[in-house]
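Subject: Structure for you to look at

Hello,

Here is the structure I said I would pass on. Please open it alongside this email, and read the notes below it.

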Amino acid sequence: MGAERVIEIKGLNKSFGDFQVLTKVDLTVSLGERIVICGPSGSGKSTLIRCVNGLEQYDSGNITVDSISLSEKGGAARVRAEVGMVFQQFNLFPHLSVLENLTLGPMKARGLSRKDADALAMQLLERVRIPEQAHKRPRDLSGGQQQRVAIARSLCMKPKIMLFDEPTSALDPEMISEVLDVMVELAEEGMTMLVVTHEMGFARKVADRMVFMDGGEIVETGAPSAVFEAPKSQRFKEFLDKILQH
């Protein structure tokens, strides 16, 4: 794991009306590091990574991604060019084929030719093991296949960092492993990843660090081996007990 810091979050605060979603959050991520963020519903996990990608504006504090501050003019757009995001819902364009969903970004944002974009898209569909689905519409695919298309679409932009917001929560149980397998491969290839998930098997396998959030705060961080064996906080222990029973 490289020592270069690619994400620095300092004193982050975020409210929705009177509800404080994030309170003084500090987090640093190094190049190639894989971090799993977990916590109960409403703990601020998804809001945190949406702030990292500039999809949510924060109230105070600062986020720097790849030396770009989100607070500076045009910062969010520059950050989004370097960061891929995969959501709970697949957010694919229903009127476009799988191939067209993948090539749209590289052609418009990166200036790739149709030929080069098609070649890149097919290479990534091979990587997520669904090249035969290239000319289908999203509605003709299973949920697991759609989520793999969404991952491939993000990879088409050649991101330095990948963010995942509960990528398996909308999937049927039998489809979860096919998405997690792709994510494990990405992690093994050294992709910097922030993953909001309750998939503790995945966390054990690939995470360098676990981050437990509750009430808008980071309550505990540590290596998976340490936090699974002996969580320091009672809140994290109760959360793990509940999750691992299922």
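I begin with the largest pocket. Strand S6 (83-86), helix H3 (98-109) and H5 each supply at least two residues of its lining. Helices (H or I, at least four residues) and strands (E, at least two) are DSSP runs, numbered from the N terminus.

Two notes on the source: this is a predicted model, in which local features need pLDDT of at least 70 and side-chain atom pairs count only at pLDDT 80 or more, while totals for chains, interfaces and linings use all residues. Residues are numbered from 1 along each chain as its sequence is written, and side-chain values use heavy atoms, with hydrogens and water left out.

The largest pocket holds about 480 Å³ of space. Of its 20 lining residues, the closest to the centre are Met 85, Gly 105, Arg 153, Ser 154 and Met 157. H3 gives the most to this lining, with six residues.

The search of the whole structure finds one cavity of 30 Å³ or more, and the space in the largest cavity is about 30 Å³. Its lining is made up of Arg 127, Val 128, Leu 155, Val 182, Glu 185, Leu 186 and Glu 189. Helix H6 (residues 173-188) gives the most here, with three residues.

Both terms come from a 1 Å grid over the protein atoms alone: a cavity is a set of points where a 1.4 Å probe fits but cannot get out, and a pocket is an open set with protein on both sides within 12 Å along at least five of seven lines; lining residues have an atom within 4 Å of a point. Grid points are joined across faces, edges and corners, and a volume is the space filled by probe spheres set on the points.

Next, strand S3. Five of the five residues of S3 (residues 34-38) are buried, so the strand is largely enclosed by the rest of the structure. Buried means under 20% relative accessible area, exposed over 50%, and partly exposed in between (1.4 Å probe, protein chains only). Arg 34, Val 36 and Cys 38 are on one side of S3, with Ile 35 and Ile 37 on the other. S3 runs parallel to strand S8 (residues 192-196), joined by four bridges, and Arg 34 stands opposite Met 193 in S8. Four bridges also join S3 to strand S9 (residues 209-214), again parallel; there, Cys 38 has Phe 212 as its bridge partner. Two strands pair if DSSP finds at least two bridges between them.

Which residues have the most contacts inside the largest nonpolar core? They are Ile 151, Phe 164, Met 183, Met 193, Phe 202 and Met 210, in a core of 50 residues. H6 provides the largest share of this core, nine residues. A second, separate core of 29 residues includes Val 6, Leu 22, Ile 68 and Val 79. A nonpolar core is a set of buried Ala, Val, Leu, Ile, Met, Phe, Trp, Tyr and Cys residues joined through side-chain atoms within 4.5 Å.

Last, a point about the backbone. Most residues other than glycine have a negative phi. Asp 66, in the loop between strand S4 (60-65) and strand S5 (68-69), has a positive phi of about 50°. Asp 66 counts as buried, at 19% relative accessibility. Arg 129 also has a positive phi, near 65°, and at 39% relative accessibility counts as partly exposed.

Regards
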